[in-house]
Amino acid sequence: MNEFERNPGSVPAAPGEQPGDASLAAGKPPSHHGPISRLRNYFLTGLVLVGPLYITISLTWWFINWVDDAVRPFIPIAYRPETYLPVKVPGTGLVVALFTLTMLGFLTANFVGRKLVEAGESLLSRMPVVRPIYKSLKQIFETLFSKSGSSFRRVGLVEFPSPGMWSLVFLSNTASADIAAKLPDTEHVGAFMPCTPNPTTGFFFYVPRRDIIDLDISVEVAMTLLMSAGLAQPGGADQQKRLAALADTARIAAAARPDRAAASVE
């Protein structure tokens, strides 16, 4: 008794045809759920679960140890926990650093603290080498951490590096009066275009406001998109499905153009 006699509902394979080809002809996809495939899926699922968690914990632990090593020399030995405990207590330097910075901010907020800060800045402004470095770093920190500063809170698209190709940019402030006087008679906005996958490097330029396409996504989502080289799309799986549907629609519309149809006939 052959396979067809044992299972009358099955379709016999033609001579020289594999059994899997017959299942395809019958409209049934071949089975790919073997033991190796299941093990591979289990491994990838575990990797997706453990990988980000491990990297996050490692970076956090490195940052805590880095702060501890930087602050520990300034803590007297009598006040260090490891002086009285048999093990090293991580995070002590981080707590001391947070407390110290908060107290410095509190003291600077009053009249005496402001006068001391102004006196220190006046002293630094007289040093030829230190002055430009301190002034530039202060402006950067004030822009990044000031509540009233604009920083990089908007994301947009700019046509770069060639027509039809669009790059993700972070938008800052409009050009100052001195710079705008040298630019064409239109509004220009400062734009920073990070590089992938290292967003700490990139290009800064002024671009006309009319040439920018604003995106309704946060800076954090845009940074994730850049660091993943487009693999982590904003909006999750639903957004990716909508983008795929739009791409299919555009492809079908492009294939149905009269000029392409004529070219295919020729």
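1. Let's start with the charges. Aspartate 69 makes a salt bridge to arginine 72, with 3.1 Å between the closest N and O atoms; the term here means a side-chain nitrogen of Lys or Arg within 4 Å of a carboxyl oxygen of Asp or Glu. Aspartate 69 is partly exposed, at 46% relative accessible area (buried is under 20%, exposed over 50%, partly exposed in between, with a 1.4 Å probe and protein chains only).

2. A word on ground rules. This is a predicted model, where local features need pLDDT of at least 70, side-chain atom pairs count only at pLDDT 80 or more, and totals for chains, interfaces and linings use all residues. Residues are numbered from 1 along each chain as its sequence is written, and side-chain values use heavy atoms, leaving out hydrogens and water.

3. Back to the salt bridges: the count comes to 4. Glutamate 118 pairs with lysine 115, the closest N and O atoms sitting 3.9 Å apart. Both lie in helix α5 (residues 111-124), 3 residues apart, or about one turn. Helices here are DSSP runs of H or I with at least four residues, strands are runs of E with at least two, and both are numbered from the N terminus. Glutamate 118 is partly exposed at 45%, and lysine 115 is partly exposed at 43%.

4. Arginine 209 and aspartate 214 form another salt bridge, with the closest N and O atoms 2.6 Å apart. Arginine 209 is partly exposed at 23%, and so is aspartate 214 at 42%. Shared partners also link Asp69, Arg72 and Glu82 into one salt-bridge network.

5. Now the sheet. It is open, has 5 strands in the order β4-β3-β2-β1-β5, and pairs antiparallel (pairing takes at least two DSSP bridges between two strands). The edges are β4 (202-208) and β5 (213-215), each pairing on one side only. From one strand to the next, the twist averages 40 degrees. Angles run from 0 to 180 degrees between N-to-C directions, using lines fitted to C-alpha atoms, for helices over the stretch in contact.

6. Strand β1 (residues 154-159) pairs with β5 over 3 bridges, and valine 155 faces leucine 215 across that pairing. Helix α8 (residues 219-227) packs on the sheet, touching β1, β2 (166-174) and β3 (188-194), and its direction makes about 145 degrees with that of β2. Contact means heavy atoms within 4.5 Å.

7. Have a look at serine 167 in strand β2 too. Serine 167 is buried, at 13% relative accessibility. Its side chain reaches the backbone oxygen of phenylalanine 160 at 2.8 Å. Among the residues serine 167 touches, not counting those up to four places away in sequence, are Gly156, Val158 and Met193.

Note on methods. A polar contact is a pair of N or O atoms within 3.5 Å; within protein, one must be able to donate a hydrogen and the other to accept it, and residues adjacent in sequence count only if both atoms are side-chain atoms.
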